[in-house]
Each structure stands twice: as C-alpha cells, then as structure tokens.
Amino acid sequence: MYTVIRADQTDLNVRSQMSEIFADGFTQWLGFFSTDRHKIAKAFAHMFVENQFYLAMSGDKVAAMAACTDGTELSVRLNTKQLINHLGFYKGILAGVLLKREFQVSFENPNGDKCSIEFVGTALEFRGQGAASQVIAHILESKSYKEYLIEEVADTNIPAMKLYEKLGFKEYKRKALPKKLAEKNGINHLISLKYVK
C-alpha cells in the first residue's frame with residue numbers, strides 16, 4: 001500500500017511534511033513553547049537527520065515516519081538559532097537547552113546489537129491505515145539487530161500501544177510521571193517496549 005524509503009533517498013523535499021507529523025504527535029508535550037502546531041512544525045523542521053528516518057510514502061505524501069538509530073548517530077539535531085527564530089529568544093533558548101537533553105541522547109549500545117526506534121508518527125489523513133505499522137515492519141525486516149527498543153510511550157497513547165503490541169513488542173519498563181505533571185497532561189506512565197529477534 002505504501003512505499004517505504006529512507007528520507008535521504010527520496011527526490012522530494014519531505015522535511016516540512018515530517019515536521020507536520022512531528023507537530024501533530026508532540027504538540028501536547030511542547031505546549032510550553034507554543035500550542036500552535038504550525039509554529040511547532042516550522043520551529044522543528046530543521047532537526048531531522050534524514051539518513052536515520054524511514055518514511056511510508058503514498059505518492060508524494062509522507063504517510064508515516066520513524067527513525068532508527070543504533071546509538072552511533074543521533075536521529076535529530078536541534079539548532080538553537082532556528083528555535084529562537086520561530087519561538088522567540090526566551091523560549092528558543094529554553095527549547096535548545098531542555099530539548100537537547102531530551103531528544104539528543106544516545107543510548108548505550110556496547111555490543112552494537114540493538115537499535116532505538118524513535119519519533120514514530122503518522123500524518124493525520126493516514127491515521128488508522130497501517131502506514132506506521134508498515135514503516136516499523138520494514139525496519140524490523142531490513143535491519144539485523146537483536147533488540148529493537150521503543151522508549152517512553154505515553155500510557156494514554158492507546159493506538160500506538162496496540163500497534164507496537166501487534167508487531168510483537170513487549171513492555172519491559174514503566175516510569176511514573178511526577179503527580180503534578182501527570183495531572184496536567186493526563187499521562188500517568190511512560191512505557192518502554194522491546195522487540196527481540
């Protein structure tokens with residue numbers, strides 16, 4: 001149904017579509033910086049390391065995306081100047097400092113036998129149509145790692161949890177959010193999942 005391709009191997013400029021998918025999926029987390037999803041999309045369009053992302057394409061549209069990294073390279077790189085340009089000086093500086101700690105963290109992979117699947121998202125018009133499932137299945141089939149990790153999925157993200165479980169991922173860790181934060185955003189736990197070949 002979809003063509004899965006690495007983002008740096010398409011002739012199309014897919015960065016803006018990827019950033020729209022990111023904004024739709026992450027605006028609830030980034031509400032402090034802006035609640036305007038278009039502003040979030042523009043502010044973060046620069047960050048994708050395209051050779052780490054796989055896309056499910058429907059014609060010239062990005063239906064879904066997911067990054068796959070083995071820890072030797074980051075999947076995103078934040079540019080504080082770009083963030084300041086779109087979010088303003090104060091919020092841009094804060095985003096640069098706080099989100100670099102959150103987004104630009106390499107995981108330990110001493111044996112090189114595992115990878116992290118990150119920034120999974122589906123464009124609004126393709127939700128529920130198997131696009132994200134096809135991207136992740138492609139990663140599982142085409143990569144030869146022993147373990148595939150998906151870290152910190154919100155327990156309230158039922159569609160994502162069902163998708164990952166359907167593909168064979170199992171929960172291996174659960175982290176409770178601080179009470180005030182949980183009350184504010186309605187998320188009680190962040191769940192980490194693992195697929196073992």
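Biologist: Is Phe119 buried or exposed?
Modeller: Phe119 is buried in this predicted model. Its relative accessible area is 9%, which falls under the 20% cut-off.

Biologist: And which strand does Phe119 lie in?
Modeller: Phe119 lies in strand E4, residues 114-122.

Biologist: Okay, and Glu152, what is its phi?
Modeller: Glu152 isn't a glycine, yet it has a positive phi of about 55 degrees. Glu152 lies in strand E5, residues 147-154.

Biologist: How accessible is Glu152?
Modeller: Glu152 has 34% relative accessibility, so it counts as partly exposed.

Biologist: Switching to helices. How do H1 and H2 cross?
Modeller: H1 covers residues 15-26, and its axis comes within 8 Å of the H2 axis, with a crossing of roughly 130 degrees. That angle makes H1 oblique to H2. The crossing in which H1 passes H2 is right-handed.

Biologist: Which residues meet there?
Modeller: From H1 you have Ser19, Glu20, Phe22, Ala23 and Asp24, and they meet Arg37, His38, Ile40, Ala41 and Phe44 in H2. Sorted by class, this contact of H1 with H2 holds 5 nonpolar, 2 polar and 3 charged residues.

Biologist: Now H2 and H3, what angle do their axes make?
Modeller: Roughly 155 degrees, and the axes of H2 (residues 37-44) and H3 (residues 80-87) come within 8 Å.

Biologist: Why are H2 and H3 roughly antiparallel?
Modeller: Because their angle is over 145 degrees, H2 and H3 count as roughly antiparallel to each other. H2 passes H3 in a right-handed crossing.

Biologist: Which side chains or backbones make that contact, residue by residue?
Modeller: On H2 the contact is made by Lys39, Lys42, Ala43 and Phe44, and on H3 by Leu83, His86 and Leu87. The residues of this contact of H2 with H3 divide into 4 nonpolar, 1 polar and 2 charged.

Biologist: Last topic, the largest nonpolar core. Which members touch the most others?
Modeller: The largest nonpolar core has 59 residues, and Phe22, Phe44, Met47, Phe53, Tyr164 and Phe169 touch the most other members. Apart from that core lies another one of 5 residues, among them Ala154, Leu177, Ala182 and Leu190.

Biologist: What does Phe169 touch?
Modeller: Leaving out residues up to four places away in sequence, Phe169 touches Ile117, Ile136, Leu140, Tyr148, Ile150, Tyr164, Leu193, Lys194 and Tyr195.

Key: Residues are numbered from 1 along each chain as its sequence is written. This is a predicted model: local features need pLDDT of at least 70, side-chain atom pairs count only at pLDDT 80 or more; totals for chains, interfaces and linings use all residues. Side-chain values use heavy atoms; hydrogens and water are left out. A nonpolar core is a set of buried Ala, Val, Leu, Ile, Met, Phe, Trp, Tyr and Cys residues joined through side-chain atoms within 4.5 Å. Buried means under 20% relative accessible area, exposed over 50%, partly exposed in between (1.4 Å probe, protein chains only). Contact means heavy atoms within 4.5 Å. Axes are lines fitted to C-alpha atoms, for helices over the stretch in contact, and angles run from 0 to 180 degrees between N-to-C directions. Helices (H or I, at least four residues) and strands (E, at least two) are DSSP runs, numbered from the N terminus. Angles under 35 degrees count as roughly parallel, over 145 as roughly antiparallel, 65 to 115 as roughly perpendicular and the rest as oblique. A crossing is left-handed if the near helix is turned anticlockwise from the far one by less than a right angle, and right-handed if clockwise. Ala, Val, Leu, Ile, Met, Phe, Trp, Tyr, Cys and Pro count as nonpolar, Asp, Glu, Lys and Arg as charged, and the others, Gly among them, as polar.
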